[in-house]
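Me: Please take a close look at one part of this structure for a reader who is new to it. Define the terms along the way.

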Amino acid sequence: MVYIGLIVVVIGFIFIRMYNSLIRKKNQVKNAFASVDVQLKKRYDLIPNIVSTVKNYATHEKETLTKLTEMRSKAINPNISNEEKIQLGKETKQMLGNIMVIAENYPDLKASENFVQLQRTLNETEEQISAARRFYNTSVTDFNNAIMMFPTNLMAGMMGFKEQKFFEAEEAERQNVDAGKLFG
Amino acid sequence: MKTLQEFENYYNSSLLPDIEPLEKERIKVKNRLLIVLTIIAVLGIGLFMLTKDNRAISIPVFIGLVMYSRIMKGYSLNFKDQVINKIIYFINSNLSYRKSSYISRMEFENSELFHSFNRYKGDDYVEGNIVDDEYLKRTGKTRSIHIEFSELNVLEDNDPWKINRTITVFKGLFFVADFNKNFKGYTKVVPDYKLNLFQGHNRVTLEDPEFEKYFQVYGDDQVEARFILSTSLMKRITDFRKKSGRKIYIAFKHNKIYIAIRYSENLFEPKVFETLYDFEIMKDYFEDLELALGIVGDLNLHLKIWADD
């Protein structure tokens, strides 16, 4: 009788540990996504500034700038899902990249102090996003491993935990953009 | 940075003619040392024969050590002025060299890389600004970062396990420079031991498998550690580790980067029994200095494309 009691206690203990570790991993994914979100927001906050600066010099690029502004208003809507956030983040990055390329055609814009400062801030934000994204992916790997490996997978199944998606790096990001070249 | 070929040309054209008096001094010092060595040997053997006691030898050995350091001191200082100083100036004329100074104890403690020591000394201090040549060429504007490094020898006299009388906490080159990104917390990169206990910070597991093979990262902010250790910096640190072939410790704090490179030997010291006319020996001094000064380029520290304060 005592032995059975002991076994039950041990099993109970193991279950609690498994449960807690899964919850911890799940929360870590959530926190990591929150830090990606904070960094993405920072980038969206830069957009009005970028638009107003570029507008003054690059008069023919209205369409691109309008698109960018639209993206921002979509992204800051609190009701969008995480997947949408990730997708919009990718698109915004691409659009901002386009603007930096466009800037090459406007020497006055490229030389303006304001624009150079904005570029620096943008570079830093991109690095912050990349850092947060990497942390998020590490947390997702941790979590996914736990819910697929025995024995935590049994528990994860009971708790209804599902595999989380990675925040993939864009091709451009993988190539380690040499942003230094942007400063002529 | 200068290439080895450039250094060889410099050595042949400028350094070699200048070190002739020093070479003469070296021969004199060498001869004096040989005489001292002979006397000590004779004295030691004589004393041992007389007393039949091993301990008797310690007296002439002690005298010998005192004489050795007295004879070497003057030569060593001259050597550093005339050889090391010139090599540094040749590599980068913006740098200044102070042979008897070293990185401040405060700076060393700031890095939080090594703890519990009671003796702190060093020499061969180099300091100055490294200008980004490529940026200067492209924009006509000057951009530079401040660096300093020196040799350090940090010891602890009280071994808690009482195995040795003194423990070497750190010996080698200690390098400090401005870092090109702004950050608030603390992050450190230490060699990967199977058992790294008591690091006092959270483990940060990074994605680069080669980097993770050599190092372990600890820090107080997971995202910030990744912001500092970008994919390209991890690669550059791994390459630097492979190039140097030494144990490397790196800390990031207060917008500075601290790099400790372990050496077992003393650096930038004269070799009195070998001629100064041998380029191979000069090459070693040059390469040790190049390794330290090359850190800026190797880790791309002068690339400042991020926001200012």
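**A strand between partners, and a helix pair**

Reply: In chain B, strand S3 (residues 144-156) and strand S4 (residues 167-178) are paired in the antiparallel sense, over ten bridges. The model is predicted, so local features need pLDDT of at least 70 and side-chain atom pairs pLDDT 80 or more, while totals for chains, interfaces and linings use all residues, and side-chain values use heavy atoms, without hydrogens or water. Residues are numbered from 1 along each chain as its sequence is written, with chains lettered from A and ligands numbered from 1 in the order in which they are written.

Strands here are DSSP runs of E with at least two residues, helices are runs of H or I with at least four, and both are numbered from the N terminus. Two strands pair if DSSP finds at least two bridges between them. Ile147(B) has Ala177(B) of S4(B) as its bridge partner. S4(B) is also joined, by seven antiparallel bridges, to strand S9 (residues 256-262) of chain B. There, Gly172(B) is bridged to Arg262(B) of S9(B). Nine of the twelve residues of S4(B) are buried, that is, under 20% relative accessible area with a 1.4 Å probe and protein chains only.

The axes of H3(A) (residues 82-103) and H5(A) (residues 113-148) come within 13 Å and cross at roughly 150°; axes are lines fitted to C-alpha atoms over the stretch in contact, with angles from 0 to 180 degrees between N-to-C directions. The two helices are therefore roughly antiparallel, the term for angles over 145 degrees.

Key: Parallel < 35°, antiparallel > 145°, perpendicular 65-115°, else oblique. Buried < 20%, exposed > 50% of the residue type's maximum accessible area, 1.4 Å probe, protein only.
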